[in-house]
Amino acid sequence: MRWKTSDATCLTRRSTTMWCECFVVSSRPTLSSAGRMCESETLCVCPLMKSFRRTCCCCIPLTSVGFCYIETANLDGETNLKQRQVVSDLPLQGAESPLESFHSRIECENPNNDLGRFRGYVEHRSGLRVGLHNNNLLLRSCTVRNTETVVGIVVYAGHETKAMMNNSGPRYKRSQLESHLNTVVLWCVLLLFIMCLTAAIGHGLWLQNLTDPVFKVDTETSPALAGFYVFWTMIIVLQVLIPISLYVSIEVVKLGQIYFIHNDLALYHQQLDSRVQCRALNITEDLGQIQYLFSDKTGTLTENKMVFRRCSIYGVEYPHEENARRLEVYEADRSEEGSGRSGTPQSGRSRSLSCRHSSVSLHTPTAEEEEEKLTNHSQPSARAFCSRVAKEVLPDPELVRKLNWFLSPALALSDGSSGAPSSLELTYITDFFLALALCNSVVVSSASRPPHVVREEQTPLKSLEEIKTMFQRLSFSPFSALSILSPPQIKASPHSLAHRMFAPSNSTTDESESSLEGTLETSGLSPKPDLSSRVMEGNSAQTAGREAKDDDGARQDAEDLTREEDCKSEADEELLYEAESPDEAALVHAAQAYCCTLRGRSAESLTVDLPGIGSLSVPLLHILPFDSDRKKMSVVVRHPLTGQVVVYTKGADSAIMDLTGAPTGAAEAQEICRHVREQTQNHLDSYAREGLRTLCIAKKVLEEEEYHVWLKGQLRAESSIESREELLTESALRLESSLTLLGSTGIVDRLQEEVPETIEALQNAGIKVWILTGDKKETAVNIAYACKLLGPNDQLLTASCGSKDACAALLLELQREVDRSGVPAAGNPGKCGSGGGAGFILVIDGRTLDWALQDDLKEDFLLLSCSCKALLCCRSSPLQKSQVVRLVRDQLAVMTLAVGDGANDVSMIQAADVGIGISGQEGMQAVMSSDFAISRFKHLRKLLLVHGHWCYARLANMILYFIYKNVMFVNLLFWYQFFCGFSGSVMTNAWVLILFNLLFTSVPPLLCGVLDRHTAAHTLMQRPQLYSASKVSVPRMFWVTVLDAFYQSLVCFFVPYCAFAGSSVSVLSFGSPINASALLIILLHQVIESPTLTWIHALVWLLSAASYFGFVLLLGLFCVTCSPPTNPLGAETLQMSEPPFYIICALTTVTALIPRLLFRALFNTLHPSPAVLKSAQTDREDSGNYWRKRQRWNQSRPKNRLPVCADNPGLEPCSDTVS
């Protein structure tokens, strides 16, 4: 089937008519237009698209639901379900609609590789334009789940799809050692040119001065032309000097190194069943040269398993102490080593919150693992962020007590002067939890219900009169704005409740009651067990205790609500929440703990359980998703009771607090808002100091006219192609203004294991660790203290400014303060920030960082940052993270490493010299963009200190050894030119010349490059100073190696020359001891330099020597005309049968290697590394302590005296010997 549609580009703004092919995805076996059989429930779009190169589709689900669910694990690694919905106002809505009736024009942007953005619109025949965005798009390689039928219109195809345009192949990064190697090769080329030029000039002079030759010489060629010919002849003869084979050898060695890194069990994480991944094969040695490490906080240093910890509503803090004790017990059991599966916490409150798994404690890691295994067994699809410890939240007793006042018709409300909560406070509490349940993108499902199936509307839980009676106890509407308050409305006024609760401010009571009845009749109210009655069971006897704020009564309230939640969970099947972030999941679970449960989601509405009411269908008008620029998310809903348009917003406090404002009119209402704002800010600061992640919750009530005006602008922004992002941001700012602050939340994110030890080891290794995070300053500082980045003696320097001029002045003032302190600067790479020394820590926020990164201030900022021990960038955006990394990398010319776990860290990871992704809770974007992937931050310690050190030392020494053996062997041929008229002749067989570097001396360098261990792994882990203390400088050691090679070649050539002087030995016989000595010198040179000597090394060296001698013997025995015009027959056999051959080889080898041996011994004696000395001293101390302990143990042992007998008369008699 074909539809006539059109596609257009956003650059030319011209539409081109084209035939687009449609496809149908159905759970019923149906033959699609691609000619493939579509199979059930889970269907990958990629195979269908692949067959006819159609990829991105505007989805039109042929159901009344209007949306479908996809999984994008093949694109970004995220396993949680994402919702895609039908284009609004599309004429095709249902399977009965004929596809031929679609006659609309689609215009979209040019193909690009941005997976998170799609701009376009559909223009109907009527001229109406409907915007297309990413929620209407199915990408190639995504997987459609839980959807019966989908019809799609192809907008991109073939290589224009986003998936194909993102497939740019592996990124190539050149290591620093390779850059040095290129310089070394250029020096080798220059050296080769000098040697060939010398031979050419020498040959020309030799021919010019030659008179009466006794052998045949070409006298017709001029000396200059002959010299020119000899120049190119020597290029061919001495070309071995250029180490072309070294590049191939390096790649082979890196494969061996990666194999050992990949199979290191210390870098394996059992719970995730993941090990280190080496995604870049050419920069392993850079792991051993890191000088600056940039780390994200959330998910990198922490677990990224968010657990609801505490909250603040209406300026009142609810600490959730019972929940805190539960988490403490969990942490204690988590840190215990060797805890078995049967371990039980020693706490009286450590009972299971659910009757389904009461045999397993919640506070052990085993309980969480078993819960995940059990749920995974029942539900095959992966669910993100739903660990047991995060789902179960113990309610705060005080907050439960106030909810009980709200639910019980027997208790009257007051203005807050007594123990009863005020009606305004209950308004905030109701809106707070409603916002937690509504303002999210969580996908709701269960074991027996797909995510897109919403419960049918059923009979109300309570009658209309009961609901009105319950709300008539309120003196303030929970769903009205503070802007419509008047002073009489703040106090209790039961007579006007219906007027204020269900109708606009100018309506009458009768109209409001009828409006309420009509609204409730059309709302979805699901029949549930009477929650309020169960919560209030047994509480009537405790009323007096509640008014007196008795702690036991409050705790009993919490237990009642918890018991009610357990019974409700037993009655109803467990809901499964799949969130895009762990924060979202934690807040939804927190709302569920207070009986405000998100039950279902569709494209037009949300089903929410409210305490005492039941299930309500909340119309969903609009969603403004979270983005890193706005740092907040909003939903626009129409309240089912009032019919008002309400905006619920949650986000970072830096984004929400500035948008809150006091209502106009009522002075008392303004005072209340000011008080709530001040108290909430104090609570936010307290949460941040405890290391909690903070979010603010706010709301706004829109008038109908105000909402329609905003909606027109929003639809205009959505339907635009050019500057869509800017228009959408402006529209969101118009909506998210003058908000009413409801409260805040504090979510705990546990620190990963061994993070403090890892950071301390990295600092002791000379690596500067900087943290770049989007959290609050107090949270980042608290985490920095917890992970030992900040010591108790360190001084904090805070940079927070309101203008660029103030930022410039502050940077200079802080720099002067650092200079006056006399604390040694930590800015020198390799000498920075030791773990034990005190220093300055610079803390800078995102707004100040924007000014500091500008061209005229970045030098001052960099100087100050390098003078400090560490840097904490708070409230920083992904772009700012990458800018900081590039600034340090380019300006300081140092080796940088960036580590992160989320999509917001991708730019930082790609900007660094080495990027490391952590496969955590936020998908695989960071891993897919990284060079190396690990599962825990602690693995950095061994990856850098051990494997990085080994890889760099191995490759550096192998490069120097390759240069040495090439220069040494080539110089033997060069020295011979002085005795053959610089004619380009050689004194060795051609086969030996070819195989000397290709076979006889090629394997030992590879073996040492893979297996050499200059220091044991446990020593490198215990002594991080060895990381930077024992680095090999390839450019500096190059000339030392070349000079040593020149000396050894002189000895290797002239010792045999002097031995055979005046004899009639042939050319090949003269070259035989030279070649043999050269081979022995090269192999024994590696024995001296190699720190590791094993049987494998010995075997390879013996095989290399045996292969040479075996080859030349066989060549001399059987080869008659293998190397014309010379004849090798019998030459090697004759030489090896005479003692002078072995004397010459021994004398040459010893004479050539003595300087190298003496140099190595003297250097290690006179200039030992401080870290090596400290390691040796520690080894001696450990050995001394061992022998002293053994001596004390021997002295403490009782001496066994044997009785005297005839065989041993000299022994002392025992006390029990019979005389």
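Here is a quick briefing on the fold, the central sheet and an aromatic cluster in this predicted model.

The protein has 42 helices and 34 strands, taken as DSSP runs numbered from the N terminus (H or I over at least four residues for helices, E over at least two for strands). Of its 1219 residues, 55% count as buried, where buried means under 20% relative accessible area, exposed over 50% and partly exposed in between, with a 1.4 Å probe and protein chains only. Among contacts (heavy atoms within 4.5 Å) with a separation of 6 or more, 74% link residues 24 or more positions apart.

**Ground rules**
- Residues are numbered from 1 along each chain as its sequence is written, and side-chain values use heavy atoms, leaving out hydrogens and water.
- Local features need pLDDT of at least 70 and side-chain atom pairs count only at pLDDT 80 or more, while totals for chains, interfaces and linings use all residues.

**Confidence**
- The average pLDDT (the predictor's confidence in each residue, from 0 to 100) is 74, and 70% of the residues score at least 70.
- Residues 1-63 have pLDDT below 50, and the model gives this stretch 184 contacts beyond near neighbours in sequence.
- Residues 337-384 also stay under 50, with 84 contacts beyond four places in sequence.
- Where pLDDT is low, the predicted coordinates should not be read in detail.

**The nine-stranded sheet**
- Nine strands make an open sheet with mixed pairing, in the order β15-β34-β33-β32-β16-β28-β31-β30-β29; two strands pair if DSSP finds at least two bridges between them.
- β15 (277-278) and β29 (795-799) sit at the edges with a single partner strand each, so one side of each has no neighbour in the sheet.
- β16 (residues 292-295) pairs with β28 (residues 768-772) in the parallel sense over four bridges, and Y292 stands opposite K768 in β28.
- β32 and β33 are also a parallel pair over four bridges, with I916 in β33 as the bridge partner of V899.
- Five of the five residues of β33 are buried, so the rest of the structure largely encloses this strand.
- From β33, V914, I916 and I918 point one way while G915 and G917 point the other way.

**Helices across the sheet**
- Helix α26 (residues 804-821) lies across β29 and β30 (840-845), running at about 165 degrees to β29; axes are lines fitted to C-alpha atoms, for helices over the stretch in contact, and angles run from 0 to 180 degrees between N-to-C directions.
- Helix α32 (residues 939-977) lies across β16, β32 (896-900), β33 (914-918) and β34 (932-934), at about 140 degrees to β34.

- S274 lies in the loop between α6 (244-262) and β15, and counts as buried at 15% relative accessibility.
- Leaving aside residues up to four places away in sequence, S274 touches L267, Y268, H269, S919 and S935.

**Aromatics**
- There are 36 aromatic pairs in the structure; rings of Phe, Tyr and Trp (its six-membered ring) pair if their centres lie within 6.5 Å, with planes under 30 degrees apart counted as stacked, over 60 as edge-to-face and the rest as tilted.
- F979 and F1053 are a stacked pair, 5.9 Å centre to centre with 25 degrees between the planes.
- F979 is in the loop between α32 and α33 (990-1000) and F1053 is in helix α37 (residues 1034-1059), so the pair ties together parts 74 residues apart in sequence.
- F979 is partly exposed at 39% relative accessibility, whereas F1053 is buried at 0%.
- Ring pairs join Y976, F979, F1053, F1054, Y1057, F1060 and F1070 into a cluster.
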